[in-house]
Amino acid sequence: MKPFKNITRFFSHVAPELGGNGLFASLEELIEQRQYVAYLRQLSQVKTCSMMAGDVKSAFKGRGMELEEIRSYAYGDDVRDIDWRVTARKEQPFTKLYAEERDREIYVLLDLSPQMVFGTRHELKSVAAAKIAALLGWMSLENKDRFGCVVYDGQENLFFKPQNNRANMMIMLKKISEATKRILREKQEVSPDLQKSVQLLQQSIKSQAAVFIVSDFTDFSDDMQKSLAALAKKARVYALNVFDVLEEFPPKAGEYMAENKGERLIFESKSKHFQKEYKNYFKSKRLKIKEFCRRFGVRYVEVRTDIPLHRQLKIS
């Protein structure tokens, strides 16, 4: 057995120190995310606006028609937006930012597959992901954008066409809440297959839409990467990598028993070799995702479950 494969499932026996409920996302919690929209907009230092929407500012900068500003290139910026004349003159990379198109389609691909039902601090990854989807949904509505969602529960996709009305938003939030409860009860021994969800979006979205993929990216196979690369050619893609602190740092020194697909393993986490290999596994995983995002112009954001979500989402 590879000692660190599917490591998040290995620690399902660890009693989670969850604040509040943390096991599923209630409808009330998803509705409450609306209060953080103003904070998120301020955090993102959003400046775009348009005549069609009055003085409502857009949270999603993109490749609109009107050039808004030229600034120094930052990690994660789309290489297609580099201003080569300014770059040559200043001898360092600069990128263009455009005023965003209005009535834009904003999508969230919400991963609620089995490996997301894991957490040791504050809340499960599935709960954090659901709250992120709700927050982005409320932000889209306030920006006069149309919001759509694909919810993947490990078996099938639930697709919501983009609309800009509160009634549709409430239906989506209710379904998301129900899904976070349902996946707690259902024991699934299936490999995550988020690729089909990505393909569904690629076939459904219009050009220049914005797509937020909220997942822990356990499924990051070659096929998944090909589908993501194809999606990034058609839309502005954001990869929101949700993870638990136990995935980044090894457990305290001690003896642990883990189980995966009926196979049990007892191990000691005290050794320096274990500590090093544990950290390197997740570090290499994240570096692989980051490198892919850099190559294909995908925005990459890391979200830890034990830190308030609205303080981590810098969407620009």
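**Close-up views of a predicted model**

View 1. Within strand β5, L158 is the bridge partner of V151. The model shown here and in the other views is predicted. Strand β4 covers residues 146–152 and strand β5 covers residues 157–163; the two run antiparallel and are joined by 5 bridges. Together β4 and β5 form a hairpin, with 4 residues between the strands. In the turn of this hairpin, G154 has a positive phi of about 95°.

View 2. Strands of a sheet pair through backbone hydrogen bonds, in either a parallel or an antiparallel manner. In this model, 6 strands form an open sheet with mixed pairing, and their order is β5-β4-β3-β6-β7-β10. The edges are held by β5 and β10 (residues 299–304), each of which has a single partner strand, so one side of each is left without a neighbour in the sheet. From one strand to the next, the twist averages 15°. Helix α10, formed by residues 272–296, packs on the sheet and touches β7 (residues 236–243) and β10. The direction of α10 makes about 150° with that of β10. Helix α6 (residues 166–185) lies across β3 (residues 105–111), β4 and β5, and runs at about 15° to β4.

**View 3. Packing of helix α5 with helix α6.** Helix α5, residues 125–142, packs with α6 at an angle of about 175°, and the axes of the two helices are 10 Å apart. Angles over 145 degrees count as roughly antiparallel, and α5 and α6 are therefore roughly antiparallel to each other. On the α5 side, the contact is formed by S126, A130, A133, A134, G137, W138 and L141. These residues meet R166, M169, M170, L173, I176, T180 and I183 in α6. Sorted by class, the contact of α5 with α6 has 10 nonpolar, 3 polar and 1 charged residues.

**View 4. Packing of helix α7 with helix α8.** Helix α7 comprises residues 195–204 and helix α8 comprises residues 222–234; their axes come within 9 Å and cross at roughly 20°. The helices α7 and α8 are therefore roughly parallel to each other. Their crossing is left-handed. From α7, the residues Q195, V198, Q199, L201 and Q202 meet D223, M224, S227, L228, A230, L231 and K234 of α8. In terms of class, the contact of α7 with α8 has 6 nonpolar, 4 polar and 2 charged residues.

**View 5. Crossing of helix α8 with helix α10.** The axes of α8 and α10 come within 10 Å, crossing at roughly 30°. This crossing of α8 and α10 is right-handed. The contact is made by Q225, L228, A229 and A232 of α8 together with K288, F292 and F296 of α10. By class, 5 nonpolar, 1 polar and 1 charged residues make up the contact of α8 with α10.

View 6. A pair of aromatic rings is described by the distance of the centres and the angle of the planes. Across the whole structure, a search finds 9 aromatic pairs. For F212 and Y238, the ring centres are 4.3 Å apart and the planes lie at 10°, so the pair is stacked. F212 lies in strand β6 (residues 210–215) and Y238 in strand β7, so the pair ties together parts that are 26 residues apart in sequence.

Definitions and conventions: Residues are numbered from 1 along each chain as its sequence is written. This is a predicted model: local features need pLDDT of at least 70, side-chain atom pairs count only at pLDDT 80 or more; totals for chains, interfaces and linings use all residues. Side-chain values use heavy atoms; hydrogens and water are left out. Two strands pair if DSSP finds at least two bridges between them. Axes are lines fitted to C-alpha atoms, for helices over the stretch in contact, and angles run from 0 to 180 degrees between N-to-C directions. Angles under 35 degrees count as roughly parallel, over 145 as roughly antiparallel, 65 to 115 as roughly perpendicular and the rest as oblique. A crossing is left-handed if the near helix is turned anticlockwise from the far one by less than a right angle, and right-handed if clockwise. Contact means heavy atoms within 4.5 Å. Ala, Val, Leu, Ile, Met, Phe, Trp, Tyr, Cys and Pro count as nonpolar, Asp, Glu, Lys and Arg as charged, and the others, Gly among them, as polar. Rings of Phe, Tyr and Trp (its six-membered ring) pair if their centres lie within 6.5 Å; planes under 30 degrees apart count as stacked, over 60 as edge-to-face and the rest as tilted.
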